Amino acid sequence: LKADQLDHKNATTVLSIVVAISAIFALVAAPAFGRISDRLTWGMGRRRPLLLLGAVLMAIGGPLSYAAGSVAVLVVANVLTFLGVAAVTVACTAILADQYAPGRRGPASALIGLSLPVGALVGLFIAQLVSSSLLAQFLIPAAIGVIAAILLALRLPDRAITKAEVPALTVRDFFGTFWVNPVRHPSFGWAWWSRLLIFFGIAAVQAYQ
C-alpha cells in the first residue's frame, strides 16, 4: 500500500526493491546477532538486550515506514523493521536452548512455530479492521510487536554469564557462522533446505496476495 502511494505505476518494483534490500540485511544480521548474543556478559543477560534492541528498531521502523516520502526512506525504514524482527526472532530461538531441557524443546519449538501463521492471521484481521487508515495499519501491528518484545524482556529469567564462560571466537569462527557443511552435517542440511523451500513457496504466494 505504501509503495503504491509513493509510485503507483511502479509499485511492484518499489516493493521488490524494498523487501529485497531489507531481507539481505536481515540475512546477515540474524547469525551475527546470535554470535554477539552468545558472548554478552552484561548484567541484564544475553537475550534481553536483543529483545530490547528489536523493540527499539521496530518502534522506529513502523512509524518511519508510514512517514516515508521517498523510496530511499522506505528502504531505510523497512531495513530497521527487518533488523528488529531478526533480533527478536534470534532471541526467541536462543531462549529455547537456554530455558528448556532437550526433551522439552520439541513441543516448545512447535508452539513458537505456530506463532508465525497465527500472528499473520491476527495481523491481517487487524489490518482489515482499520483498512481505512494506513497509519493504523502500520502502527498497531508495530505496537503489538514492540510491547510483546518488551514484556518478554521484563519477564525473562535471563542468566548473565561471566567472562570466563564466553566461548572463544576467532575471525574464522565468526565467518564460519554463515556456513555449515551439509555433507558433514546432513541432518542440518536436509532441515535447512526443507525450510528454505517451504518458505520460498510461502513468500512466492504471499507476494502475489
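Start with Lys 2, which is buried (under 20% relative accessible area with a 1.4 Å probe, protein chains only; exposed is over 50%, partly exposed in between). Lys 2 has no salt bridge, and the nearest side chain of opposite charge, Asp 4, is 11 Å away. A salt bridge here is a side-chain nitrogen of Lys or Arg within 4 Å of a carboxyl oxygen of Asp or Glu. For charge, Lys and Arg count as positive and Asp and Glu as negative, while His and the chain ends are not counted.

This is a predicted model, in which local features need pLDDT of at least 70, side-chain atom pairs count only at pLDDT 80 or more, and totals for chains, interfaces and linings use all residues. Residues are numbered from 1 along each chain as its sequence is written, and side-chain values use heavy atoms, with hydrogens and water left out.

Stay on Lys 2 and show helix α1 (residues 2–6), where Lys 2 is found; helices are DSSP runs of H or I with at least four residues, strands are runs of E with at least two, and both are numbered from the N terminus. The side chain of Lys 2 has a polar contact of 2.9 Å with that of Gln 5. A polar contact is a pair of N or O atoms within 3.5 Å; within protein, one must be able to donate a hydrogen and the other to accept it, and residues adjacent in sequence count only if both atoms are side-chain atoms. Leaving out residues up to four places away in sequence, Lys 2 touches (heavy atoms within 4.5 Å) several others, including Tyr 66, Leu 134 and Phe 138.

Next, select Phe 33, Leu 50 and Leu 51, the residues with the most contacts inside the largest nonpolar core, which has 26 residues. Such a core is a set of buried Ala, Val, Leu, Ile, Met, Phe, Trp, Tyr and Cys residues joined through side-chain atoms within 4.5 Å. Helices α2 (11–38), α3 (48–67), α4 (71–99) and α6 (134–155) each supply at least two of its residues, and α4 gives the most, with 10 residues. Among the residues that Leu 50 touches are Phe 33, Ala 87 and Val 90.

Move to Arg 47, in the loop between α2 and α3.

Now centre on Asp 98, partly exposed at 30% relative accessibility. The salt bridge between Asp 98 and Arg 47 is 2.6 Å, N to O. Asp 98 lies in helix α4 and Arg 47 in the loop between α2 and α3, so this pair ties together parts 51 residues apart in sequence. Asp 98 also forms a salt bridge with Arg 46, with the closest N and O atoms 3.4 Å apart; Arg 46 is buried at 16%.

For another salt bridge, select Arg 159 and Glu 165, where the closest N and O atoms are 3.2 Å apart. Arg 159 is exposed at 52% relative accessibility, whereas Glu 165 is partly exposed at 38%.

Finish at Gly 103, in the loop between α4 and α5 (105–129). Gly 103 is exposed, with a relative accessible area of 70%.
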